[in-house]
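Dear colleague,

I am passing on the structure below, together with an account of what was found in it.

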Amino acid sequence: MPPTKSRAVVPEQLGFAGMPEKLFVCTPSKLGAYADCPRRYRFTYIDRPSPPKGAPWAHNSLGASVHTALKNWYGLPAERRAPGALPTLLKSTWVREGYRDVEQERATYQRALDWLESYVATLDPADEPLGVERTVAAKTSILALNGRADRIDGRAGPDGPEAVIVDYKTGRSGLDADDARGSQALALYAYAAERVFRRPCRRVELHHLPTGTVAAHEHTEESLARQIRRAEETAMDIVAAEKAVAAGADPDATFPTNPGSLCSWCDFRKSCPAGVGVAGKEPWTAVEHLSA
Ligand code: SF4
């Protein structure tokens, strides 16, 4: 296999003095990857070929299956949005990878179906969201942001129609308002949705299906601006690191490892000097409690 190369993707310089550099095209998860661990960012977005990833994770399969079922729920005509539609919806796009065995997979499927039945009982089948798995995009002077929100609701606010960002969660732990407040991804979706739909979008919600709870936060113009500034700072750090590598800097020093609790869940653990000695989780560890 040819050696892995760090191929820094440097924004093109336009050829005229004073002209701005090309915008940094990104999603919230790209920015989040760098903030979590610059080395993982490099493995994911720069090194080609990318280092081999570990086995698929069952919790990712579960999350994808539930998200797709909810997307397809809204794809049904309103009169067919009934709990009886859920087994077919879930089964038809169920992702099977990562489970320990068929027994665990079946138990997890049943748990996911229970979550969905409880969750859709809280929804008005006649509601038509502004967007379902909808990509929203916006530009700042530095960023060309885009990202896909699980759902964007249109709701009546005190001063007229508003947009609300809804993010489904299927992880083990419950979530609270601090999680909603601190989520850069939700804030960036809100910033973009406000521009796409031309209406205020300040409320962000995490819908945790296993517990049926909603963690919400109301942003202000200032708090969204703060999150945008943070995202721009991350983007500038990434561009500076990519330029440094392109100019000959050591890619390992420029994209350092950030060892921590994430390593045992990292797809690139076996290719990373900081992760190779860390005991990895089994692909099904995060769903084990569901089938116990
Ligand atoms: S194993 Fe840890 S340090 Fe290495 S890339 Fe993954 S998260 Fe970063």
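Two strands are said to pair if DSSP finds at least two bridges between them. With that in hand, one can say that Ile165 has Val204 as its bridge partner in strand 7, and that strand 6 (residues 160-169) and strand 7 pair in the parallel sense over six bridges. Please bear in mind throughout that this is a predicted model, and that the values below are computed from it.

The overall picture

The protein chain has 10 helices and eight strands, and its C-alpha atoms fill a box of roughly 60 × 50 × 30 Å along the principal axes. A compact globule of 292 residues would have a radius of gyration near 19 Å, and the 21 Å found for the protein chain agrees with that. Buried residues make up 34% of the 292 residues. Of the contacts in the protein chain with a separation of 6 or more, 69% are between residues 24 or more positions apart.

An unreviewed UniProt entry lists residues 27-273 as "domain: PD-(D/E)XK endonuclease-like", and I quote that label as it comes from the record. In the model, this span is 45% helix and 19% strand, with its end C-alpha atoms 27 Å apart.

The strands around strand 7

Besides its parallel pairing with strand 6, strand 7 (residues 203-208) pairs with strand 8 (residues 213-218) in the antiparallel sense, again over six bridges. Val204, the residue named above as the partner of Ile165, has His217 as its bridge partner in strand 8, while Leu206 is bridged to Ala215 of strand 8. Strand 7 and strand 8 form a hairpin with four residues between them, and Gly212, which is in the turn, has a positive phi of about 65°. Is strand 7 mostly covered or mostly open? Strand 7 is mostly covered, with five of its six residues buried.

Arg203 can also be placed relative to helix 6 (residues 177-182), where Arg181 is found: the C-alpha atoms of Arg181 and Arg203 are separated by 9.6 Å, although the two residues are 22 residues apart along the chain. Arg181 has 17 other C-beta atoms within 10 Å and therefore counts as partly exposed, the cut-offs being 20 or more for buried and 12 or fewer for exposed.

The other hairpin

Strand 4 (residues 131-139) and strand 5 (residues 143-157) run antiparallel and are joined by eight bridges. These two strands form a hairpin with three residues between them, and one of the bridges links Gly131 to Ile152 in strand 5.

Backbone points to check by eye

Most residues other than glycine have a negative phi, and most peptide bonds are trans.

- Glu133, which is in strand 4, has a positive phi of about 45° although it is not a glycine. Glu133 is partly exposed, because 17 other C-beta atoms lie within 10 Å.
- Arg198, in the loop between helix 7 (184-197) and strand 7, has a positive phi near 50° and is likewise a residue other than glycine. Arg198 is exposed, because 10 other C-beta atoms lie within 10 Å.
- Arg48 and Pro49 are joined by a cis peptide bond, with omega at about 0°. Pro49 lies in the loop between strand 3 (47-48) and helix 3 (58-75).

The ligand site

Which residues are closest to the ligand? The ligand is surrounded by 14 residues, and the closest of these are Cys37, Cys263, Cys266, Cys272 and Gly275. Sorted by class, the shell around the ligand holds eight nonpolar, three polar and three charged residues.

With best regards

Technical notes: Residues numbered from 1 in each chain as written. Predicted model: local features only at pLDDT ≥ 70, side-chain atom pairs only at ≥ 80, totals over all residues. Near = placed C-beta within 6 Å. Nonpolar A, V, L, I, M, F, W, Y, C, P; charged D, E, K, R; others polar. UniProt positions renumbered as here; feature names shortened; annotations may be inferred. Rg over C-alpha atoms; globule rule 2.2 N^0.38 Å. Contact = placed C-beta atoms within 7 Å.
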